[in-house]
Amino acid sequence: MIYIQSLTKSELADLLLPLSRVKGRDLDEEEFAKKAKKQAAYRAQQIFHWVYQRFVTDFEQMSDLSKDLRAWLVLNVEVYRLTERVSNQALDGTHKFLWTLHDQKTIESVIIPAALQEKGGKDAIARLSGQDLAPIETDEEEELMQAGVRFSGAKTEEKVDSAKWKRLTACISSQVGCAMACKFCLTGIQGIDRSLETHEIVTQVLELRRRSPITNIVFMGMGEPLKNLPNVAKACQIMLDQDGMSFSKRKITISTSGLVPQIEELGRLVDVSLAISLNATTDEQRSEIMPVNRKWNIEMLLNACRNYPLGPHRRITFEYVMLKGFNDSMEDAARLVKLTRGIPSKINLIPFNEHSGADYKRPTDERVKEFQSYLTERKITATVRISRGRDISAACGQLRSIFGTARGTEKHKDWKELPVIQPGHVSSGQGA
Ligand code: SAH
Ligand code: SF4
């Protein structure tokens with residue numbers, strides 16, 4: 001059985017080619033082959049519409065396909081589904097999902113809402129969060145980055161209706177766990193189990209889209225996407241397909257800890273946005289928290305960024321997790337300015353989301369603001385992303401760890417902080 005979500009549209013057309021029924025006795029061999037190819041491509045397009053735009057999983061319901069083709073598809077192809085194990089919605093609208101794969105392993109995806117549709121959206125967000133936010137910029141891409149603004153102190157019981165949001169970002173996983181062992185990251189502490197197959201990556205977005213009209217995708221869930229580059233690149237190709245999910249290249253962002261050769265390869269394989277988890281400003285500091293830096297240091301990483309084929313008006317995002325007393329000094333800010341100079345980029349400051357797997361602390365809000373101001377005063381675009389959905393443990397790797405599915409990991413001590421789980425709680429029918 002082949003999963004439909006593991007195939008690009010042209011691979012599906014190739015698979016359907018032997019089934020083409022071309023009429024016309026007078027056709028020569030070349031014309032016959034050309035017509036058969038065209039027919040297979042058309043069928044693939046129709047199937048893509050059914051699966052990715054109408055969310056149909058039963059081939060028998062694909063009414064514009066021939067009876068024979070439907071019967072063949074039923075026997076040979078399957079629409080992959082993820083089983084929703086847990087779904088939790090935070091007070092700020094962040095919605096987290098824990099999925100069970102067919103081999104019983106679990107992965108996480110999160111829907112992060114941003115920028116309210118209605119006028120005065122900023123006020124509404126601030127009201128929900130009970131805190132002031134970094135200024136919302138009008139630039140489309142800046143708004144995407146706002147998708148991570150943290151609402152740690154939600155003061156109201158009000159739930160956020162996803163229909164109100166202008167942007168719904170799907171944060172998806174590329175691996176079960178992660179091998180990169182970043183010291184501050186719960187997924188990294190859990191270690192790697194396996195990489196995800198293409199269909200498992202694509203299906204996360206498909207399942208989320210069944211529930212909400214997702215507008216953006218970020219590979220910032222579990223795993224290092226560039227350690228699984230062939231499957232991630234193919235998944236992106238499927239998500240970009242105009243007959244499928246039809247995301248634009250600006251709306252898909254791959255975030256990496258800095259695998260230099262794969263950054264170069266990514267640039268050759270697929271045109272999407274790139275985010276780099278820089279997280280430190282000296283090699284000594286970065287190697288301490290991110291072992292990948294011992295192989296590919298900051299200079300090598302930034303050179304790869306300089307050579308990355310960025311389209312016009314596009315920028316690389318540098319993510320910078322702020323760890324109190326470790327990388328949050330004004331000297332760090334000054335080095336950050338120097339390091340990123342000349343690279344079309346923006347900086348996304350992420351105050352550390354504390355968890356029981358690491359001793360690091362989050363800097364004070366004042367320090368974060370000071371750090372941000374230092375950058376913005378030097379004409380650097382710097383947004384603050386404060387991790388969201390804290391009341392549902394929405395940070396990378398947290399939900400999975402709580403449910404005790406990580407290799408050899410005991411149940412997370414935050415277990416009791418979880419609210420009552422409401423499986424199937426999300427409303428359907430809002431899908432694109
Ligand atoms: N492996 C990829 C993508 C997943 S991690 C990468 O490292 O880029 C996505 C982002 O979450 C990274 O920028 C990482 O630095 C950040 N992150 C991980 N754990 C975090 C934590 N506890 N608090 C804040 N940010 C964290
Ligand atoms: Fe892996 Fe990214 Fe976590 Fe590092 S920060 S361990 S690369 S998921």
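Leaving aside neighbours within four places in sequence, which residues is L349 in contact with? The first legend answers this for the predicted model.

View 1. L349 sits in strand β13, which runs over residues 345-351. Its relative accessible area is 0%, so L349 is buried. Beyond neighbours within four places in sequence, L349 is in contact with Y320, M322, V368, F371, Q372, L375, T383, V384 and R385. Take V368 from that list. V368 and L349 are separated by 19 residues in sequence, and their C-alpha atoms are 7.9 Å apart in space.

View 2. Helix α3 spans residues 67-76, and its buried residues are L69, R70 and L73. Seen down the axis of α3, these buried residues fall within an arc of 100°, so they line one face of the helix. An α-helix has 3.6 residues a turn, so residues three or four places apart point the same way. Which exposed residues does the face turned away from the buried side of α3 carry? They are K67 and L75. The cover over the buried residues of α3 includes α1 (9-16), α2 (29-53) and β2 (77-78).

**View 3. The surroundings of ligand 1.** Ligand 1 is surrounded by 19 residues. The closest are G223, S255, S277, E319 and N353. Strands β10 (252-256) and β12 (316-322) each supply at least two residues of this shell. By type, the shell around ligand 1 divides into eight nonpolar, nine polar and two charged residues.

View 4. G223 places a backbone N or O atom 2.9 Å from a nitrogen atom of ligand 1. N353 also has a backbone N or O atom 2.9 Å from a nitrogen atom of ligand 1. With E319, the side chain takes part: one of its N or O atoms is 3.1 Å from an oxygen atom of ligand 1. How much of the accessible area that ligand 1 has on its own does the protein cover? The protein covers 92% of 540 Å².

**View 5. The shell around ligand 2.** The residues around ligand 2 are C178, M180, A181, C182, C185, G188, G223, E224 and S257. This shell divides into five nonpolar, three polar and one charged residue.

Technical notes: Residues are numbered from 1 along each chain as its sequence is written. Chains are lettered from A and ligands numbered from 1 in the order in which they are written. This is a predicted model: local features need pLDDT of at least 70, side-chain atom pairs count only at pLDDT 80 or more; totals for chains, interfaces and linings use all residues. Side-chain values use heavy atoms; hydrogens and water are left out. Buried means under 20% relative accessible area, exposed over 50%, partly exposed in between (1.4 Å probe, protein chains only). Helices (H or I, at least four residues) and strands (E, at least two) are DSSP runs, numbered from the N terminus. The arc is that of the directions from the helix axis to the C-beta atoms. Contact means heavy atoms within 4.5 Å. A residue is near a molecule or strand if one of its heavy atoms lies within 4 Å of it. Ala, Val, Leu, Ile, Met, Phe, Trp, Tyr, Cys and Pro count as nonpolar, Asp, Glu, Lys and Arg as charged, and the others, Gly among them, as polar. A polar contact is a pair of N or O atoms within 3.5 Å; within protein, one must be able to donate a hydrogen and the other to accept it, and residues adjacent in sequence count only if both atoms are side-chain atoms. Accessible areas come from the Shrake-Rupley method with a 1.4 Å probe; for residues, only the protein chains shown count as cover.
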